[in-house]
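Hello,

The structure we discussed is below, with the sequence. My notes on what turned up in it follow.

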Amino acid sequence: MGKVVICDHPLIQHKLTFIRDVQTNVKEFRELVDEVATLMAYEITRELPLEDKHVQTPVAVAKGKIISGRMLGLIPILRAGLGMVDGILKLIPAAEVGHIGLYRDPSTLQPVEYYVKLPADVHERELIVIDPMLATGGSAAAAIAILKKHGCTKIKLMCLIAAPKGLEYIRAEHPDVDIYTAAVDQRLNEHGYIVPGLGDAGDRLFGTKASR
């Protein structure tokens with residue numbers, strides 16, 4: 001069974017508080033999401049395999065470590081997932097980026113696919129699926145299913161805030177996927193929004209008006 005990791009570093013929790021705040025403007029919101037994504041990337045890459053490498057320092061030969069194994073790929077779910085990509089790329093600049101476009105049908109709350117563009121070697125990479133809000137879990141589960149159809153076997157999910165229902169759904173549909181989140185909130189409201197959450201992440205990132 002995949003694990004659920006709550007990234008409770010003080011800096012992450014501090015910044016998340018201001019991300020939640022309705023008074024935080026678009027510019028500040030983007031900057032904070034970017035910063036938290038970088039910090040969370042430290043946690044999600046903690047278990048990357050290493051191999052020995054010897055290098056010549058100005059004084060002597062040193063035995064160091066470099067990352068070995070699979071290459072990394074970032075798969076943001078459009079559009080809100082885009083807000084976390086640059087923050088992760090600051091830490092992992094060699095990662096390739098694919099995109100999966102899904103929107104949630106407002107009446108059924110089910111995900112509808114409209115765009116998929118992945119690296120040619122996506123099946124060879126260790127992937128991080130990125131979606132700031134794990135609410136019902138439908139969109140994230142659908143994105144992971146798309147990746148598995150392309151032969152991907154090593155997948156992790158990163159989000160800012162998760163609802164219990166979303167966690168349960170991902171663990172049921174994709175028990176092999178580890179989930180990394182900065183917080184697990186109380187519940188979903190009648191519109192499928194996480195409570196207390198932060199509102200619509202995409203609208204707050206891009207300055208668009210929330211629709212209900």
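**The annotated site**

G199 is in the loop that runs between β13 (194-195) and α6 (201-206). Please keep in mind throughout that this is a predicted model.

G199 comes out as partly exposed, because its relative accessibility is 35%. Leaving out residues up to four places away in sequence, G199 touches M133 and Y193.

In an unreviewed UniProt entry, the annotation "binding site" covers I194, G199, D200 and A201. The lining of the largest pocket includes I194, G199, D200 and A201 from that annotation. The annotation may be inferred rather than shown by experiment.

A201 sits in helix α6. Is A201 buried or exposed? A201 has a relative accessible area of 5%, so A201 is buried, the cut-off being under 20%. Its contacts, again not counting residues up to four places away in sequence, are F29, A80, P132 and M133. M133 therefore turns up in both contact lists, that of G199 and that of A201, by the contact criterion of heavy atoms within 4.5 Å.

**E126**

E126 belongs to strand β8, which covers residues 125-130. With a relative accessibility of 10%, E126 counts as buried. Which residues is E126 in contact with, leaving aside its neighbours within four places in sequence? They are L48, R70, M71, L72, G73, K154 and K156. Among them are the charged residues R70, K154 and K156.

**Cysteines**

How many disulfides does the model have? The count comes to zero. A disulfide needs a pair of cysteine sulfur atoms within 2.5 Å. For C7, the closest cysteine sulfur is that of C159, and the distance of 9.0 Å is too far for a bond. C152 is in no disulfide either, since the nearest cysteine sulfur, again in C159, is 19 Å away from C152 by the 2.5 Å rule.

Both C7 and C152 are below the 20% cut-off for buried: C7 is buried at 1% relative accessibility, and C152 is buried with a relative accessible area of 4%.

That is what I have for now.

Regards

Notes: Residues are numbered from 1 along each chain as its sequence is written. This is a predicted model: local features need pLDDT of at least 70, side-chain atom pairs count only at pLDDT 80 or more; totals for chains, interfaces and linings use all residues. Side-chain values use heavy atoms; hydrogens and water are left out. Buried means under 20% relative accessible area, exposed over 50%, partly exposed in between (1.4 Å probe, protein chains only). On a 1 Å grid over the protein atoms alone, a cavity is a set of points where a 1.4 Å probe fits but cannot get out, and a pocket is an open set with protein on both sides within 12 Å along at least five of seven lines; lining residues have an atom within 4 Å of a point. Helices (H or I, at least four residues) and strands (E, at least two) are DSSP runs, numbered from the N terminus.
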